[in-house]
Amino acid sequence: MVQMENQGRDEVENIKTKFLSVWHHVKYSWALKSKTLFSRNSPVLLLGKCYHFKAEDDSDSEAYSEEASDCVMGNIEDFRRDFGSRIWLTYREEFPPLPGSVLTSDCGWGCMLRAGQMMLAQALVLHVLGRDWTWSEALQLQCLDAETWTTTAAKRLVESVEASLQGTLNRPSSNPQSSATEQAPGPAEEADAHLKEMYHRTLISCFGDIPSAQLGLHRLVLLGLTLGKQAGDWYGPAAVAHILKKAMDEAKEPALSAISAYVSQDCTVYSADVIDSHKAAKACGTSDALPLPQNNQSAPASTLPDARAVVILVPVRLGGEKINPEYFNFAKRILSLEYCIGIIGGKPKQACYFVGFQDDSLIYMDPHYCQSFVDVSTSDFPLQSYHCPSPKKMPFTKMDPSCTIGFYSRSVQDYEKISRELSQVLQPSASDKYPAFTIVQGHGRDYDLSASLTPEKREWPFIRDPRRTITTAGDFVLL
């Protein structure tokens with residue numbers, strides 16, 4: 001009798017799961033065409049880089065679209081190339097079942113995990129390819145229209161790309177000599193481009209939707225089980241920060257051996273802990289790690305074989321029920337820093353990845369598109385669906401106050417520079433009395449924040465010493 005009841009419950013759960021999957025497929029599969037407006041009079045900041053779209057004889061606002069890019073002067077193509085080169089990770093469907101569930105899609109609940117993946121992917125791009133790297137096909141991305149990014153559309157896209165590539169390979173050049181003399185890159189340039197494309201593909205494969213991907217959704221959901229999170233649950237920005245740290249600490253992929261993650265405690269970054277993370281060595285070694293980029297970003301002297309880069313994740317709360325307008329300028333200054341890897345947050349129960357701003361609007365990448373599963377274990381999997389052709393904007397006033405800020409530090413010397421600059425940014429002003437977070441010297445253990453806790457419990461987000469009397473709300477300290 002009990003067995004029959006259990007089977008009945010399982011059938012009900014399976015039916016419920018399938019119904020939700022169909023509903024989310026309908027809800028998140030359609031990308032209705034919407035033009036994002038950019039002002040020509042104001043600069044656009046994108047992860048530390050500044051762009052101007054101002055035309056010489058016109059100062060009106062114009063839509064960011066294929067039509068607009070033809071008439072807007074300035075370096076709008078540079079912006080499009082830069083934005084289109086960022087790694088875009090969205091809802092997917094038809095992947096292998098997630099750990100502890102029968103779910104084969106993360107539609108409707110996995111957006112914060114996807115936003116966290118995008119922020120971590122940006123850190124890996126800085127680590128492996130450098131900030132100046134751009135994808136050679138970024139300007140060829142098609143803007144999202146009333147077309148869908150579901151199974152049928154994705155298959156058509158892949159088929160068309162494969163057909164065009166095959167046609168290019170089989171089509172002889174009309175004038176080989178002139179082509180060779182005009183644009184043929186030298187052997188060194190070709191080798192460098194091929195190497196960077198290999199790194200690009202390897203990096204994306206780390207986030208694939210397969211159980212073996214070290215930073216993929218399956219791995220993050222599995223680690224979330226230790227925090228009491230199930231597949232299908234809502235993940236907050238603080239919980240995702242700790243899940244990402246665990247994923248980085250336990251990653252066995254050689255390409256990830258030279259980089260680790262650190263999560264601040266109670267909105268406080270302890271410098272000695274960050275420096276220890278730089279100096280620690282992973283058990284898997286660094287012999288097969290991807291090398292540092294060979295570009296104009298010089299590698300510091302401390303990048304020795306036993307040194308690691310560190311992704312610094314700082315969960316914060318920028319207000320009470322709503323975001324405090326006093327933090328607007330702070331968020332702008334943070335996103336203007338070259339070592340900032342963005343902010344994960346969004347609107348309530350609707351996460352996104354903030355990468356820049358213009359005036360009082362944030363620029364973000366939206367994970368709320370349902371795309372088909374891509375098998376990244378193949379050597380030539382398509383890359384187009386991992387790059388976003390269309391930026392979106394959101395007023396600062398609509399941003400949820402709970403978020404996690406990310407930074408990339410390549411070395412101890414880099415961190416010393418970062419801590420000095422952030423200390424200036426975090427200086428309280430007359431209107432903004434309390435900084436979003438603080439940076440202090442020493443280790444977290446020196447302040448006895450969690451001396452009475454077991455090592456296992458210390459891994460949980462925002463565990464506090466019960467002897468402290470500061471009033472708290474949710475996962476954050478209210479000052």
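This is a predicted model: local features need pLDDT of at least 70, side-chain atom pairs count only at pLDDT 80 or more; totals for chains, interfaces and linings use all residues.
1. Confidence. The protein has a mean pLDDT of 78. Residues that reach 70 or more amount to 67% of the protein.

2. Overall make-up. The protein contains 13 helices and 17 strands. Of its 479 residues, 50% are buried. Among contacts with a separation of 6 or more, 76% join residues 24 or more positions apart.

3. Geometry of α8 and α9. Helix α8 spans residues 217-224 and helix α9 spans residues 237-250. Their axes come within 9 Å and cross at roughly 110 degrees. Angles of 65 to 115 degrees count as roughly perpendicular, so α8 is roughly perpendicular to α9. The crossing of these two helices is right-handed.

4. Residues in the α8 and α9 contact. On the α8 side, the contact is made by Arg-219, Leu-220, Leu-223 and Gly-224. Helix α9 contributes Ile-243, Leu-244, Lys-246, Ala-247 and Glu-250. By class, the residues of this contact comprise 5 nonpolar, 1 polar and 3 charged. Gly counts as polar in this division, and Gly-224 belongs to the α8 side. The charged class takes in Asp, Glu, Lys and Arg; the contact includes Arg-219 from α8, with Lys-246 and Glu-250 from α9.

Technical notes. Residues are numbered from 1 along each chain as its sequence is written. Side-chain values use heavy atoms; hydrogens and water are left out. Axes are lines fitted to C-alpha atoms, for helices over the stretch in contact, and angles run from 0 to 180 degrees between N-to-C directions. Helices (H or I, at least four residues) and strands (E, at least two) are DSSP runs, numbered from the N terminus. Angles under 35 degrees count as roughly parallel, over 145 as roughly antiparallel, 65 to 115 as roughly perpendicular and the rest as oblique. A crossing is left-handed if the near helix is turned anticlockwise from the far one by less than a right angle, and right-handed if clockwise. Contact means heavy atoms within 4.5 Å. pLDDT is the predictor's confidence in each residue, from 0 to 100. Buried means under 20% relative accessible area, exposed over 50%, partly exposed in between (1.4 Å probe, protein chains only).
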